[in-house]
Amino acid sequence: MGPEGMVGFGIVFLVVYLIVLLVVLALSVTMYVLNGLAIKRMSESCGLAHGWMGFVPYASTFRLGQLAECADKSGGKRIPWRHLALGGHIAVALGTIVFYIIYIRDFTALIMATEGEISVGDMLAFYAGIGSGSTVMSIFSLVVNVILYIVYWKIFCLFDRDHAVLFLLLSIFFSAAIPFLLFAIRRRTPYIPGNDVPPTAGGPADWT
């Protein structure tokens with residue numbers, strides 16, 4: 001391939017890359033907006049104030065937990081899904097940051113200790129230690145994901161009991177579908193145990 005062919009290939013690659021980037025950006029913005037609108041409308045249907053929380057990272061996770069708790073209002077002991085979901089979300093984020101800080105620190109220390117001449121044994125020992133931390137993070141992330149899927153399951157049951165199983169399976173295998181599913185059922189009347197009539201929108205927000 002000559003110079004002109006290389007230039008042409010580079011231009012085509014750049015155009016394709018920009019198109020893919022724009023598509024991903026547009027999809028991300030769409031998912032963010034749909035998720036926020038869905039949580040806002042569901043909050044109003046369940047009588048929860050501050051519907052804007054659906055548009056704020058981490059606050060939206062807290063609100064999802066509150067919506068899941070609405071499905072448990074049967075007079076018995078309620079599981080604090082809001083705290084479990086939010087706490088797990090924050091813990092995973094902090095754990096990921098700490099993991100990469102340790103990774104960079106240990107890798108830098110290895111390079112300095114070996115003066116840039118890293119042996120295969122040194123690399124194997126390094127990645128064995130990093131692998132242990134990665135395994136722990138993966139297990140913890142799995143536990144948090146299970147909690148979040150339970151939260152989504154309860155929300156699906158709250159707003160569309162007939163299709164809750166289908167929606168849960170779609171959420172597990174196609175996580176990008178979650179905002180679209182929530183948006184699709186946002187106008188349904190929630191089934192809240194013990195309530196014959198849906199609560200009035202704009203009620204108090206329980207932060208406890």
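View 1. Patches here are built from residues with over 30% relative accessible area and no salt bridge, joining like charges within 9 Å and nonpolar side chains (Val, Leu, Ile, Met, Phe, Trp, Tyr) within 5 Å. A salt bridge means a side-chain nitrogen of Lys or Arg within 4 Å of a carboxyl oxygen of Asp or Glu, and areas are Shrake-Rupley values with a 1.4 Å probe, counting only the protein chains shown as cover for residues. In this predicted model, local features need pLDDT of at least 70 and side-chain atom pairs pLDDT 80 or more, while totals for chains, interfaces and linings use all residues. Residues are numbered from 1 along each chain, and side-chain values use heavy atoms, leaving out hydrogens and water. Phe-9, Phe-13, Leu-14, Tyr-17, Leu-18 and Leu-21 together make a nonpolar patch of about 660 Å².

View 2. Phe-9 sits in helix H1, residues 3-45 (helices are DSSP runs of H or I, at least four residues; strands are E, at least two; both are numbered from the N terminus). Phe-9 counts as exposed because its relative accessibility is 53%, with exposed meaning over 50%, buried under 20% and partly exposed in between.

**View 3. The largest pocket.** This pocket has a volume of about 530 Å³, the space filled by probe spheres set on grid points joined across faces, edges and corners. A pocket is an open set of points on a 1 Å grid over the protein atoms alone, where a 1.4 Å probe fits, with protein on both sides within 12 Å along at least five of seven lines; lining residues have an atom within 4 Å of a point. Of its 21 lining residues, Asn-35, Leu-64, His-89, Tyr-152 and Ile-178 lie nearest the centre.

Notes:
Buried means under 20% relative accessible area, exposed over 50%, partly exposed in between (1.4 Å probe, protein chains only).
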